[in-house]
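This report describes a structural model, working from a local feature to the arrangement of the domains and the surroundings of the ligand. Please view the sequence and the structure together while reading.

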Amino acid sequence: MIDFQKLANEFGTPLYVYDAEKIRKRIKKAKTVFEGLDAEIVFALKANNNPALLKIMAEEEIGADVVSRGELLASKMAGMKRILWNGNGKTHEDITHFVNQGLNIVCIDSLQELPLWDGVNVIKLLRVNPDVDARTHPHISTGLRAHKFGVPIEKVSEVADRIDGIHLHIGSQITDVEPFFDAYSKALDCAKQYGFKYIDLGGGWGIDYEGKELDIERLQKGISGIFAGFDGKLIAELGRFIIGPAGYLVTKVVSVKPSEKIFIVTDAGMNALIRPVLYDAHHRIQVLASTKKTVTADVVGPLCESGDILARGRKLEVPIPGTAIVLENAGAYGFSMANNYNGMPFPAEVLVDGEEVKLIRRRQSIEELFTNVKM
Ligand code: LLP
């Protein structure tokens, strides 16, 4: 058990806390899905790019799925060996940079991008749009024809001799297996038709935010059935599944304000965790010290927007001001989407590995908010 209050006292709040052992376990679990198949897992750095966490990924021998030079640098700092590059806005300059840095696999987003890769010696995958409905939040759904990513799967015929395989990613936080099986089967048909050696299945495996999660055993059975006869290599780009449940946002209760409803005001707002505001996301809350009285409350941040909310209409015991509360499942798209709105510095990050506790990013100072400003 992690003593969150103790960490809050020692490192201050808002504070991101990660559990190293949980990360390792989630990687092992992800690997079981591909047992008996030729497959590799890459970690999607957009979910979290702290190099100290990526080092754990490197030690577990998984590669990196990066979208920018910044993420590429983080992956190199961590010693990640296999690099896959995703993105729908790659520039000439970026391509030169990535190739010089030892890029292994590129996911090409359009037929317009394809010529940029002619003559370049990397594994080339074309992102196809399988036109399946991922049944997830519209902002994180990507596999329908109307979305901006990839090309219609029929277009592959025009360029099949210039690519090594296909890539798809139908969305994120998907908790039903069926959309995956639909998309994977379409990808397999396409790969067989053109004799491709690679299929990149993307990510999207949904975690348990509020009671529903992807059934990993069913996923494993389905994948081993679908790809049993496939004579090639599979790739999975996993972000949230690996790091989401291994991270926590610890924030101090500044006040409990009885109004028309009860507001629990914390020192973290949508600057530290924007998911509740952006996607109506639900993060379970642990109250560490309470009055024992249960109420229904909104947990709100300190920023100047009425939309600055961490949890809406949540039933919980009234926390004691000055003590910390913990938002669960904050490891993915938590710190990586944090921002400086209202002049709020970035939170600190701590890694707990058994008995060992390590500060892996110190809190940004107020002065650091402006060190790159010239007047
Ligand atoms: N591969 C591609 C091409 C992606 O676009 C993504 C996520 C992933 C892999 C990793 O997906 P995951 O395994 O983490 O579901 N900010 C949103 C999530 C955006 C996901 C974007 N793409 C959130 O906080 O829910």
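## The β17–β18 hairpin

β17 and β18 form a hairpin with 2 residues between them, and G354 in the turn has a positive phi of about 65°. Helices (H or I, at least four residues) and strands (E, at least two) are DSSP runs, numbered from the N terminus. The pairing of β17 with β18 is antiparallel and extends over 5 bridges; two strands count as paired if DSSP finds at least two bridges between them. Within this pairing, V350 stands opposite L359 in β18.

## Basis of the model

The model is predicted: local features need pLDDT of at least 70, side-chain atom pairs count only at pLDDT 80 or more, and totals for chains, interfaces and linings use all residues. Residues are numbered from 1 along each chain as its sequence is written.

Contact between the domains involves 16 residues of domain 1 and 13 residues of domain 2, where contact requires C-beta atoms, placed from the backbone, to lie within 7 Å. On the domain 1 side, α10 (275-279), β17 (348-353) and β18 (356-361) each contribute at least two residues. This side of domain 1 comprises 9 nonpolar, 5 polar and 2 charged residues. Here Ala, Val, Leu, Ile, Met, Phe, Trp, Tyr, Cys and Pro count as nonpolar, Asp, Glu, Lys and Arg as charged, and the others, Gly among them, as polar.

## The annotated lysine

An unreviewed UniProt entry annotates K46 as "modified residue: N6-(pyridoxal phosphate)lysine"; UniProt annotations may be inferred rather than shown by experiment. K46 is located in the loop between β2 (39-44) and α3 (51-59).

Is K46 buried or exposed? K46 is buried, because 21 other C-beta atoms lie within 10 Å; the class requires 20 or more such atoms, with C-beta atoms placed from the backbone, whereas 12 or fewer would mean exposed and values in between partly exposed. Apart from neighbours within four places in sequence, K46 is in contact with V67, G239 and S336.

## The shell around the ligand

Of the 22 residues around the ligand, S172, G203, G239, R240 and Y333 come nearest; a residue is near if its C-beta atom, placed from the backbone, lies within 6 Å of the molecule. β10 (233-238), α9 (240-243) and α10 are the elements that give two or more residues to this shell.

The shell has 9 nonpolar, 8 polar and 5 charged residues. Domain 1 and domain 2 both give residues to the shell, so the ligand lies between them.

How values were computed:
Two residues are in contact if their C-beta atoms, placed from the backbone, lie within 7 Å. Domain bounds come from an automatic or database domain assignment.
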